[in-house]
Each structure stands twice: as C-alpha cells, then as structure tokens.
Amino acid sequence: MLERFNNNLQNKYTFLKKGKLLLACSGGLDSVVLAHLCIKSELDITLAHCNFNLRGSESDEDETFVKQLAKELGIPSITKLFDTKKYIQENGGSVQMAARALRYRWFESLMDKENFDFVLTAHHADDSLETFLINLSRGSGLDGLRGIPEQNDKIVRPLLNFSRAQILEYANSEGIVWREDSSNQESKYLRNKVRHEIVPRLKEMHPTFLNNFLQTQAYLEQTDSLVQNHMDTIKKSLFEEQERQIKIKIAALLKLRPIEAYLYQIFHEYGFTDWASLKDLLNATSGKEVLSQSHRLLRDREWLILSTNKTENQNFFWIEEGTEQMDSPINLKMEKVESIEKCPKNVAFFDKEKLNYPLMLRRWQKGDYFYPFGMQGKKKLSKYFKDEKVDVFSKEKQWLLCSDDNIVWVVGKRLDERFKVDSSTKNILKVTLSI
C-alpha cells in the first residue's frame, strides 16, 4: 500500500511534497493510517483533531489519543473543542451537517492563520461508494453520482483509490493502533445503514462491486469533463460580460435543448436551485427576477441579466464646496476652468454660480425628473431611461449629482439644461467621471 501511495503522490499529488499540510485526524482507522503513510512518505503534516463533545469521555479519549499519536510520529497537533449541540440549537440541521460545518470552518481559519497549503482527509473508495448510493437514493444529477472528488480546491483526499479493506489490512500488517468510534455502529444514521446493510449485500451479490463502481466513477468523470468543455463553449457564446454583471440573450437560450439541463449547467454554480422559476423567467415580463443566496437573475426586455445580489448600503453622499476629488462611491474630479470644450459623456461643464453647496450625490428614485440638456421642458428620469434603453441593473446603479432638490447631472449620461454654461457664465466647474 505504501508503494501505491507513493506512486499516487508522484503521478497525481506532486504538489503535496512541497506543501505545509493539515491532516484531519479523528483517531479512527482511516486517518491514523493516512498519518503513518504521510510520515513514511516524508510529507510535512500537522494533525488537526475536532472534539465535537458528543460522546462524553469517548470524545475526550479520542483527543488524547491524537495528541499522543502526534508525539509518537514527531509532528505537531492542533485540537479544537466544539459546542456542537449549541450550534445545532442556533443553526438547526443534523449532527452530521453541524460537525461538517464546524470542521471545515475551523480548517479554513487554520489555513489562513498558520499558512497551511492543503487539508488532507482520509476518505476512501468505500466512502465514495456510500456517497454515490445516498445521492442516488435522494435523486441526483451527474455531480452527485460522481461520488467524492479526489480534490476540491484546497481539500485533497489521497486515499480515495484505496478500499476500507486495503486500509485495514495495511494497519494490521504494520501493527498500527487506532480508535473505534461507537457512533459508527448506530443505525439511526443513513450513512451507517448504507455502510452496514446495503453495501455488504451488494458486495455479496458482486464480489467485484467496489472495483466496478470505481470504473463507473471514472467513466462519469470523463463524461463530466465532456459536459464542462461543451458548457464552456456555450457560455462563451451566450455571455456578454459587462461591469459586474453578465447579459444573456433569451432568444439564444430558448434554442437550447433540453432547456432544463442547460439551465442547470449554466446557472447552478451561481447558487440557483428553483429551476421551475428560472424556466418561467424566460417567458416572464420585464422586471421579473429570481434570487439565489449569492446572485440575482433579472428579466430585462430580451435579456437575462446576472449579477451578485449585494447592494450599496449608502445611497447618498455630500460634496462640500472646494472639493477637488471624490473617490467613493465613484471617482469624480472637480476643477475650475476658463472655457468649455467638446467632451465625452463622462465630462460635464456647469455654471458654478447656479449651484448651491453642498452638492449631493445620490441614487435615482421613482418620480425623479430633470430638464435634459438641449431640450425644452422637463422629463421623468424613468422615461429618459426607457428612451435610452437603460437596463434595470444600470438604472439601479445610476448616480445623480444634485443641487438642493434639483438634478444637475445624470452622471455619465446627460446634464441638466438649467445648469449649463452660457454667455453670462463667469465661473465654470468641470466635473470628470473616471471610467
């Protein structure tokens, strides 16, 4: 097993040889064997043990065991005591979900503080098979049927090609001692039912079942690679990336078949799960939207507009007289000049004596109106946006430069006729928006 482990390091995980590694160690068979293999392979590891305080003295004994193991191996160890029951009371969810959340949150903090490069976990082939069966029983797409990935960002699982039986055989041959977790035998947990009742039956029916599964998993990973390559091409043709948002032509989306599968592949990475609402959005009226925890998908005429759903907390800012530079929320430069010139939309000239300070920079609101430069009479800003075909997201991000309650400049777009420079102007203020 050690030879195969080293071959895997050489072929798949060469980056681990130079890394500072955090090894998640429960004290059980799998993680203890992984620790021994890493030491014999001369990897730089530190043991990290989570005491979830769920099994009384057993939990404390596991912690003591891991500390002693680290001493015997001549490596550092870090332990953490969690109030798991309190976490569940405050956040809900199952014991397994709580333990997972606490564990990985702690690993992330350790990586930041102690500069670890990767976290090693001792998941193996049987764990991946159990995950596959659980996901299959619940209903899953290709992602869930791939089992456990060998690497997920900074999480690496170097035992995933080994079976539980192979790990046990190695431990016995090397005289390795480990701790047994009594909760692994409790049938109230779904994974334990799969592990102790379903998997043995499958292996009894097909002695090579685990190897067959690993081969099937390899096929699924190859299929997933094909899908991802295809979707990369599709996204390049569909996505029009603009500042902090992505525009997608609805007509082009509707040509894809099967549309449900494409919607999932395009949008699941942005946290969307309500696929029925997402499909309905393709035929909805302008202004309808669907939200995920991290993103927002808006129907705007013939487009879908994808953006993060974070918004600015402050919607107005004061500008005192004499201010020459404003860096937030947008970059504005203000200067006195002697004459005006032909300029792009990001530059505006005003009669300074017509302005009442302090000026205000604010978001647009419903009911706003101004007197567009070069036109007679006032116009509602909403009508101006519609005529200029300004999309909903751009409207929400639009800033207005105001004097008292009057709009001086729809920043970057159109200034107000009432504040223009004319033949009687003595002081000219030039305002430039950095874009």
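**Charges.** I started with the charged side chains of this predicted model. I got 64 positive and 62 negative ones. I also looked up where the two sets are centred, and their centres lie 6 Å apart.

**Overall form.** Next I went for the dimensions. Along the principal axes, the C-alpha atoms fill a box of roughly 100 × 50 × 45 Å. For secondary structure I have 15 helices and 22 strands in the protein. The radius of gyration comes out at 31 Å, while the globule rule gives 22 Å for 435 residues; the value is well over the rule, so I note the protein as more spread out than a compact globule.

**Surface and contacts.** Of the 435 residues, 43% are buried. I then took the contacts with a separation of 6 or more and found that 67% of them join residues 24 or more positions apart.

**Gln265.** I picked this residue in helix α12, which covers residues 259-267. Buried or exposed? Its relative accessible area is 17%, and the cut-off for buried is under 20%, so Gln265 goes down as buried. Leaving out residues up to four places away in sequence, I listed what Gln265 touches: Val227, Gln228, Met231 and Lys235.

**Ser163.** This one sits in a loop, between β6 (155-156) and α8 (164-174). With residues up to four places away in sequence not counted, Ser163 touches Ala125, Asp126 and Leu210. I also checked Ser163 against Asn211: they are 48 residues apart in sequence, and their C-alpha atoms are 9.2 Å apart in space.

**A four-stranded sheet.** Last stop was an open sheet, and I wrote down its strand order as β13-β14-β22-β15, with antiparallel pairing. Which strands stand at the edges? They are β13 (325-326) and β15 (347-351); each has a single partner strand, so one side of each is left without a neighbour in the sheet. As a reminder to myself, strands of a sheet pair through backbone hydrogen bonds, either parallel or antiparallel.

How values were computed
Residues numbered from 1 in each chain as written. Predicted model: local features only at pLDDT ≥ 70, side-chain atom pairs only at ≥ 80, totals over all residues. Heavy atoms only, no water. Helix = DSSP H or I, 4+ residues; strand = E, 2+ residues; numbered from the N terminus. Rg over C-alpha atoms; globule rule 2.2 N^0.38 Å. Buried < 20%, exposed > 50% of the residue type's maximum accessible area, 1.4 Å probe, protein only. Contact = heavy atoms within 4.5 Å. Lys, Arg positive; Asp, Glu negative; His and termini not counted. Charge placed at Lys NZ, Arg CZ, Asp CG, Glu CD. Pairing = 2+ DSSP bridges.
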